Amino acid sequence: MSLVAEATYNAFKPDKLNYELLGQGEGIYIHWHLFLRCAADTPNPGPVWKLLKEEMYSEKYIPSDEELEEMKKSLKTELKKLL
């Protein structure tokens, strides 16, 4: 996870990164969430899980298909540098 976080930071330069590790079924299934945070990135400061669904998934935060492809390319480039 630390390599993914480092590559993410290098690719997108957020103000900070929030990590979350969740598990289900007595530890049988675990997964990570990595939240890139920037100043004023949400209408209310604080944890993203406190946002209303309408705030979290606002159209203004959803990248276009082209932007998403460029973001993927940037992240892959940074991951390759670290591996």
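Y19 is found in strand β1, which spans residues 16–24. The structure described here is a predicted model. With a relative accessibility of 45%, Y19 counts as partly exposed, because that category lies between the limits of 20% for buried and 50% for exposed. Leaving aside residues up to four places away in sequence, Y19 touches M1, A5, W32, H33 and L34. One of these contacts, L34, is 15 residues from Y19 in sequence, yet the two C-alpha atoms are 4.8 Å apart in space. M1 and A5 also belong to the set that Y19 touches, and residues 2–12 form helix α1. Strand β2 covers residues 29–37.

The charged side chains come next. Side chains of opposite charge can pair when their charged atoms come close. The structure holds three salt bridges. In one of them D41 pairs with R37, and the closest N and O atoms are 2.9 Å apart. R37 has a relative accessibility of 8% and therefore counts as buried, the limit for that class being under 20%.

Helix α3, residues 65–82, contains both E69 and K72, which stand three residues apart, about one turn of the helix. Their side chains meet in a salt bridge with an N to O distance of 3.2 Å. E69, at 46% relative accessibility, counts as partly exposed, and K72, at 40%, is likewise partly exposed.

E78 and K81 also both lie in helix α3, three residues apart, about one turn of the helix. A salt bridge joins E78 to K81, with the closest N and O atoms 3.2 Å apart. The two partners fall into separate accessibility classes: E78 counts as buried at 12% relative accessibility, whereas K81 counts as exposed at 58%.

The final topic is the empty space in the model. Rolling a probe the size of a water molecule over the atoms shows where empty space is left. The largest pocket holds about 870 Å³ of space. It is lined by 23 residues, of which F35, L36, Y61, P63 and M71 are the closest to its centre. The elements that give two or more residues to this lining are α1, β2, α2 (53–56) and α3. Strand β2 gives the most, with five residues. By residue class, the lining of the largest pocket divides into 16 nonpolar, three polar and four charged residues.

Methods. Residues numbered from 1 in each chain as written. Predicted model: local features only at pLDDT ≥ 70, side-chain atom pairs only at ≥ 80, totals over all residues. Heavy atoms only, no water. Salt bridge = Lys/Arg side-chain N within 4 Å of Asp/Glu carboxyl O. Buried < 20%, exposed > 50% of the residue type's maximum accessible area, 1.4 Å probe, protein only. Helix = DSSP H or I, 4+ residues; strand = E, 2+ residues; numbered from the N terminus. Contact = heavy atoms within 4.5 Å. 1 Å grid on protein atoms, 1.4 Å probe; cavity = no way out; pocket = protein on both sides within 12 Å on 5 of 7 lines; lining within 4 Å. Points joined across faces, edges and corners; volume = space filled by probe spheres on them. Nonpolar A, V, L, I, M, F, W, Y, C, P; charged D, E, K, R; others polar.
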